[in-house]
Amino acid sequence: MNLPNKLTMLRIVMIPFFMLFIELENVQNHILWAFIIFVLASLTDLIDGKIARKYNLITDFGKFMDPLADKILVTSALVYFIPMGLAPAWVVILILAREFLVTSLRLIASGKGIVIAADKWGKYKTAITMIWICYALLVQNFYPMMSVDVGAIFAFIHILLMILSLALTLISGINYVWKNKELISQAK
């Protein structure tokens, strides 16, 4: 297993620790610790891709597991966002529906010997969603210490990032369907 694939697997291993810190409400700054783990996991996504491209270490395993690791990481955060009041359920459902759709397309394609790699819209969506999640976690940690005015500004930015993430999610989902419409029409 090459270094980029090891980094992808490390990201998957970090996910339970992220969830553990979200759950540990009795631990001081538990959200901050969750934020740190999420940022580190997100950085493995950035680093593994750069290394794979620079040293020609791109593998089918990486093309499949890297986006899957992203989906698991993002899904775990977004599911926690609902009870934390950081995202309405319908936003999370739309984002997750797109993830299931793209994963299903990849499974259909792999059955035909085709690998569907992440495209630029999927990468934009992933980057903005990870920025939104990091921002939301960081603000959530410090929100109790903010004045009402400052809190309102941070809440407004949070909503803008959520809307941008949702918009890119829908655009990239439509793009994947459009680019693979022949594959979908052949599925029986």
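## Basis of the description

Contact is taken here to mean heavy atoms within 4.5 Å. The structure is a predicted model, in which local features need pLDDT of at least 70 and side-chain atom pairs count only at pLDDT 80 or more, whereas totals for chains, interfaces and linings use all residues. Residues are numbered from 1 along each chain as its sequence is written, and side-chain values use heavy atoms, with hydrogens and water left out.

The pLDDT, the predictor's confidence in each residue from 0 to 100, averages 92 over the chain, and 99% of the residues score at least 70.

Ser 172 belongs to helix 6 (residues 148-179) and counts as buried, at 0% relative accessibility, where buried means under 20% relative accessible area, exposed over 50% and partly exposed in between (1.4 Å probe, protein chains only). A polar atom of the Ser 172 side chain lies 3.1 Å from the backbone oxygen of Thr 169. When neighbours within four places in sequence are left aside, Ser 172 is in contact with Arg 98, Trp 121, Gly 122 and Lys 125.

## The nonpolar core

A nonpolar core is a set of buried Ala, Val, Leu, Ile, Met, Phe, Trp, Tyr and Cys residues joined through side-chain atoms within 4.5 Å. The largest one has 33 residues, of which Phe 18, Phe 38, Leu 78, Phe 81, Trp 132, Ile 133 and Leu 137 touch the most other members. Helix 1, helix 2 (30-54), helix 3 (60-84), helix 4 (89-111), helix 5 (120-142) and helix 6 each supply at least two residues of this core, and its largest share, 8 residues, comes from helix 5.

Leu 137, residues up to four places away in sequence not being counted, touches Phe 18, Ile 22, Ile 31, Phe 35, Phe 38, Phe 81 and Met 84.

## Aromatic pairs

Rings of Phe, Tyr and Trp (its six-membered ring) pair if their centres lie within 6.5 Å, with planes under 30 degrees apart counted as stacked, over 60 as edge-to-face and the rest as tilted; by this rule there are 5 aromatic pairs. Phe 81 and Trp 132 form an edge-to-face pair, because their ring centres are 5.5 Å apart and their planes stand at 85°. This pair links distant parts of the chain, with Phe 81 in helix 3 and Trp 132 in helix 5, 51 residues apart, and both Phe 81 and Trp 132 are buried.

Note on methods:
Helix = DSSP H or I, 4+ residues; strand = E, 2+ residues; numbered from the N terminus. Polar contact = N/O pair within 3.5 Å; in protein donor to acceptor, adjacent residues only side chain to side chain.
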